[in-house]
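Q: Please go through this model and say what stands behind each label put on it.

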Amino acid sequence: MRQSQYFLKTSKTQPSDDPSVNARLLEQGGFVQKVMAGVYTFLPLGLRVLAKIEDIVRAEMDKIGAGEVLMPALQPKENWAKTGRWDELDVLFRLKSRHGYDYALGPTHEEIVTPAALPVISSYRDLPLAVYQIQTKFRDEPRAKSGLLRTREFRMKDLYSFHTDEKDLNEYYEKVAIPAYQRIYRAMGLDAVLTEASGGTFSKFSHEFQVEIPSGEDYIYVCEKCGLAKNKEIFEEGVACTVCGGKKYREAAASEVGNIFPLKTKYSKSFELTYTDEKGKKQDVVMGCYGIGTSRLLGVLVEKYHDSRGIIWPRSVAPFDFHLLLLDASDPKVAEAAEQLYGALQAKGVEVLLDDRDMSAGVKFVDSDLIGIPRRLVVSARSVEKGSFELKARGEGKTELIELRSFEKLLSK
RNA sequence: CGGGGUGUCGUAUACCGGUAGUACGCGUGCUUUGGGAGCACGUAGACUGGGUUCAACUCCCAGCACCCCGACCA
């Protein structure tokens, strides 16, 4: 991608209306634009990162055999009335059409996925099953805040599983869902702490995945012995750890990046989602639900990976593999060398952002640090004279000189 | 949803009951080009509605927007 033609402009000034690090850097770096409180446009750079995050999630969901679906954001009131949540759920956006019909904007999709399973599930032989989607959700949060961490419109992956009984649900929960979640976070450079939480309205327990960051909006209490945590809601001084019995905890600020719930039969009952067991008897389907806020992860990643100059993306989610800066572009030999390197890397399937703008070197360096592409290449009069280009990792001081003709060395770095 | 705060060019601000100035940014041109270059010219603003007043950006009221703290967070 050529930066001179890309829908991207960084800013010298930071947004004045949000002090959070993720909002400041993502807006200043041209990743997102704020449209109103809690609502953002994802610009090309930001969307690339979001897509990488979602691809990591998607790959793990596919690995555990869940089918991807896409359910509507616009939903009929009837489904919500059926579960009682039309009246009960305070964050539900309710809207009326000009013909007087009521609709909900989906904050979560139990009301759609459960009836969707009716024609699919009829026998114990159809179970277990799982589907997921990655989709835009709407929640009328009383207070949007902290950039992408708490918004009213956001991207989320939601997985739903269907089982014959609670034992099967619990096994899936522990042996499939939790390990898949941990692989997802690890793949994007995050260490997520499994955290016990209350079950909300329909279950005794649930789990959150929390990433420890100083700016985290939650406090968790991590067992010193086994690492399992409890969230603020359920933590009490002196309580024994559920897993190892330990009683020593450390308090840590953290940000929630996932939340999983055993739904049991709450929604299957509402929609009469049943199956016939081995004895020919009808039983309620047992369900579980597993969420990951993918746009929120974008914010959490910035909160975790930045320095005073800007963002430092982990490679797996970086918008590009390399940021190629062309300096001294007025020298035809230099410009040609940069073009050749750019073309050669692209031919190898490497994602490169070429800064071919007519700007001073200083501006390019500063922008490159702000945007945070993990590896920076520089082609300049100075480097071309030596038949080389420079390689520097974002966040590190060392610069390495590589010969232009041996550019393929980059592919293994 | 309770409490608090703020609304003047994109940003940061100044002044003022007599109709708005500066800096940065942004744009164009020329000169520049290894860590946010220089010069020139340009661009753009009083949240909205009502009230008081001869006169309101300024005072009063209402609304709206945004931010912060808390509550909430299937």
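Predicted model: local features only at pLDDT ≥ 70, side-chain atom pairs only at ≥ 80, totals over all residues.

Q: Why is Ile-220 called buried?
A: A residue is buried if 20 or more other C-beta atoms lie within 10 Å of its own. Ile-220 has 26 C-beta neighbours inside 10 Å, so Ile-220 counts as buried.

Q: Where is Ile-220 found, and which residues does Ile-220 touch?
A: Ile-220 is found in strand 11, residues 218–223. Leaving out residues up to four places away in sequence, Ile-220 touches Val-193, Thr-195, Gln-210, Ala-229, Lys-230, Asn-231, Ala-252 and Ala-254. Ala-254 is 34 residues from Ile-220 in sequence, and their C-alpha atoms are 6.6 Å apart.

Q: Why is helix 1 called roughly perpendicular to helix 8?
A: Helix 1 (residues 21–28) and helix 8 (residues 294–304) pack at an angle of about 100°, with their axes 8 Å apart. Angles of 65 to 115 degrees count as roughly perpendicular. Helix 1 is therefore roughly perpendicular to helix 8.

Q: Which residues make the contact of helix 1 with helix 8?
A: Helix 1 contributes Val-21, Asn-22, Leu-25 and Leu-26, and helix 8 contributes Gly-299, Val-302 and Glu-303. By class, the residues of this contact are four nonpolar, two polar and one charged.

Q: Which residues of helix 1 are buried, and what do they pack against?
A: The buried residues of helix 1 are Asn-22, Ala-23, Leu-25, Leu-26 and Glu-27. They pack against strand 1 (32–36), helix 2, helix 8, strand 17 (306–307) and strand 18. Helix 1 is followed by Gly-30, which has a positive phi near 75°.

Q: What makes strand 20 and strand 23 edge strands?
A: The strands form an open sheet of five in the order 20-19-21-22-23, with mixed pairing. Strand 20 and strand 23 each have a single partner strand, so one side of each is left without a neighbour in the sheet. Neighbouring strands are turned by 25° against each other on average, direction ignored.

Q: Why is strand 23 said to lie largely in the open?
A: Strand 23 (residues 399–403) has five residues and the number buried is zero, so strand 23 lies largely in the open. In its hairpin with strand 22, five residues lie between the strands, and Gly-395 takes a positive phi near 90°.

Q: What makes strand 4 and strand 5 the edges of the sheet of three strands?
A: This open sheet has the order 4-6-5, with antiparallel pairing. Strand 4 (74–76) and strand 5 (93–96) each have a single partner strand, so one side of each is left without a neighbour in the sheet. The twist averages 40° from one strand to the next. Strand 5 pairs with strand 6 (residues 102–105) over four bridges, and Leu-95 stands opposite Tyr-103.

Q: Which residues surround RNA strand B most closely, and what supplies the largest share of the surface?
A: RNA strand B is surrounded by 43 residues, and the closest are Ser-16, Phe-261, Ala-361, Gly-362 and Ser-380. Helix 10 supplies the largest share of that surface, eight residues. The surface has 16 nonpolar, 13 polar and 14 charged residues.

Q: Which residues of helix 10 are buried?
A: In helix 10 (residues 361–371), the buried residues are Lys-364, Asp-367, Ser-368, Asp-369 and Ile-371. They pack against helix 2 (44–63), strand 18 (310–311), strand 19 (322–326), strand 20 (352–355) and strand 21 (375–379). Gly-372, with a positive phi near 80°, follows helix 10.

Notes. Residues numbered from 1 in each chain as written. Chains lettered and ligands numbered in written order. Buried ≥ 20, exposed ≤ 12 C-beta atoms within 10 Å, placed from the backbone. Helix = DSSP H or I, 4+ residues; strand = E, 2+ residues; numbered from the N terminus. Contact = placed C-beta atoms within 7 Å. Near = placed C-beta within 6 Å. Nonpolar A, V, L, I, M, F, W, Y, C, P; charged D, E, K, R; others polar. Pairing = 2+ DSSP bridges. Axes fitted to C-alpha atoms, helices over the stretch in contact; angles between N-to-C directions. Parallel < 35°, antiparallel > 145°, perpendicular 65-115°, else oblique.
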